[in-house]
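Good morning, colleagues. Please look at the structure first.

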Amino acid sequence: MIRKAFTATLACALLAAGAARATETIVWWDFLSGGDGVRMKAMLAEFNKEFDGKVHIEATTLEWGVPFYSKVQTSTAIGQGPDVMTYHESRMPLGISQNVLSPITPEELAAAGIKSSDFGEANWKAAQGSDGKQYAIPLDIHSIILYYNKDLLKKAGLLGDDGKPKGLDGVANWDAALAKLTTKDVAALSVPNDSASGWRPFYTLLNQQGGQFLKDGKFLDGDNLAKAETAVGEMQKWVKNGWTPANTEYAASIALFTAGKVAMHINGVWEVPTMVDLAKKGQLFDWGAMQIPVLYSQPATWADSHAFAIPNRQGNPVDPAKRKLVLEAIHWFNEHSLEWAGGGHIPAYLPVQESAAFQALKPNADYVSLAKTAVFDPVSTLAGVASPVYDATGNYIIPAMMGEMTPADAVRKMRDDLQSQAK
């Protein structure tokens, strides 16, 4: 019903604009590779087929991370670039400060049928600037989750009758479970040792203590420093006790899990398709995924969002008619985001997130609860994807996790490094 209604709405808008006489083209840039890229290309093909002869999205995929954002910054400065682009919400403070994002007015949102009430409050707010203006529309929530081997957890007495893990909440229970799952042949847990993969559990454990990484312009100020030390100390314990293999690169950490060499694995929801595909081929054990257990006083899980934004092309802005068409197309992608959820993501658009179809989607429905307690990266030009915060994690948190420095030294060096870069 949603799909048919929106198709009719967009078609009418195109006819009113004279698009029946010539196909309108939307120039699109994204950074989506791997399984995400395959899934988005399929959605783009579906959109172009549905609106054939009326509107066509001309899509280009650029390299993820710094290369993508550098290209956006360079192109917008000279009035070039796309009509619409994907953007990480965590990078928005930097993008806004660089003047590469065009604010979207309430009137424009309303005309396209986009309502803030159709999105989680934290998710919607993460796409705003300090000026309260909206600079993007969320597509999903992607977070870290805990993948688990049901056979190994059952053998250790850590699997309930419902097929889900039990006895993992609280630091004492969690540590006891890791010790119990570790044998001469199997480790309890694998975690990639790259900076991004280290930042996500660290930020999760900090926020589970009610800690704040950045407050009133100060990094790890006051008792937040002690809470950060506690988080790093817990992560260091995993390696020191042999519960987690040390210095494990990203691909190797996944391979350890899929080969049955570790019982659990912390990684992003984007690896769900990896597990699903292996299971379909009969090459994986009975597995599941869940929200990161609550080790401290409150549930919290690091999260980011893929979002859609309109670039602020200097001297050559996207014209009002094209902006309207772009926003209507963005709305179409959100209304069709059940297809995007197949990549492990949680749809940002609540009518899809709360639909029966999504609730039946496994394992997504088993960890959708994290959407209500998701914690997004600090609002800072130093934070977000491929940022100085990630660099600092690689320079201090990961070495501390591997036992190369104390947690106290690591968090102090991280604080001082970032504070020295703050404007």
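**Pockets, cavities and a helix pair**

Four elements, helix 4 (92–97), helix 6 (121–125), helix 9 (195–208) and strand 14 (374–376), each supply at least two residues of the lining of the largest pocket. Helices (H or I, at least four residues) and strands (E, at least two) are DSSP runs, numbered from the N terminus.

Let me state the basis. This is a predicted model, in which local features need pLDDT of at least 70 and side-chain atom pairs count only at pLDDT 80 or more, while totals for chains, interfaces and linings use all residues. Residues are numbered from 1 along each chain as its sequence is written, and side-chain values use heavy atoms, with hydrogens and water left out.

On a 1 Å grid over the protein atoms alone, a cavity is a set of points where a 1.4 Å probe fits but cannot get out, and a pocket is an open set with protein on both sides within 12 Å along at least five of seven lines; lining residues have an atom within 4 Å of a point. Points are joined across faces, edges and corners, and a volume is the space filled by probe spheres set on them.

The largest pocket has a volume of about 690 Å³. It is lined by 29 residues, of which Phe 376, Asp 377, Pro 378, Val 379 and Ser 380 are the closest to its centre. Helix 4 gives the most to this lining, with 4 residues. By class, the lining of the largest pocket has 13 nonpolar, 12 polar and 4 charged residues. Here Ala, Val, Leu, Ile, Met, Phe, Trp, Tyr, Cys and Pro count as nonpolar, Asp, Glu, Lys and Arg as charged, and the others, Gly among them, as polar.

The second largest pocket holds about 500 Å³. Of its 24 lining residues, Ser 33, Asp 36, Trp 64, Tyr 250 and Trp 270 are the closest to the centre. Helix 2 (34–50) provides the largest share of this lining, 4 residues. The classes in the second largest pocket are 9 nonpolar, 9 polar and 6 charged.

How many cavities of 30 Å³ or more are there? The count is 2. The largest cavity has a volume of about 70 Å³, and its lining includes Trp 174, Pro 201, Thr 204, Leu 205 and Trp 238. Helix 9 supplies the largest share, 3 residues. This lining has 9 nonpolar residues, 1 polar and no charged.

The second largest cavity has a volume of about 40 Å³. Helix 13 (320–335) contributes the largest share of its lining, 4 residues, and the lining comprises 8 nonpolar, no polar and no charged residues.

I turn to the helix pair. The axes of helix 8 (residues 171–181) and helix 10 (residues 223–240) come within 11 Å and cross at roughly 15 degrees. Axes are lines fitted to C-alpha atoms, for helices over the stretch in contact, and angles run from 0 to 180 degrees between N-to-C directions. Contact (heavy atoms within 4.5 Å) is made by Val 171, Trp 174, Asp 175 and Leu 178 of helix 8 with Glu 234, Lys 237 and Trp 238 of helix 10. Trp 174 and Trp 238 in this contact also line the largest cavity.
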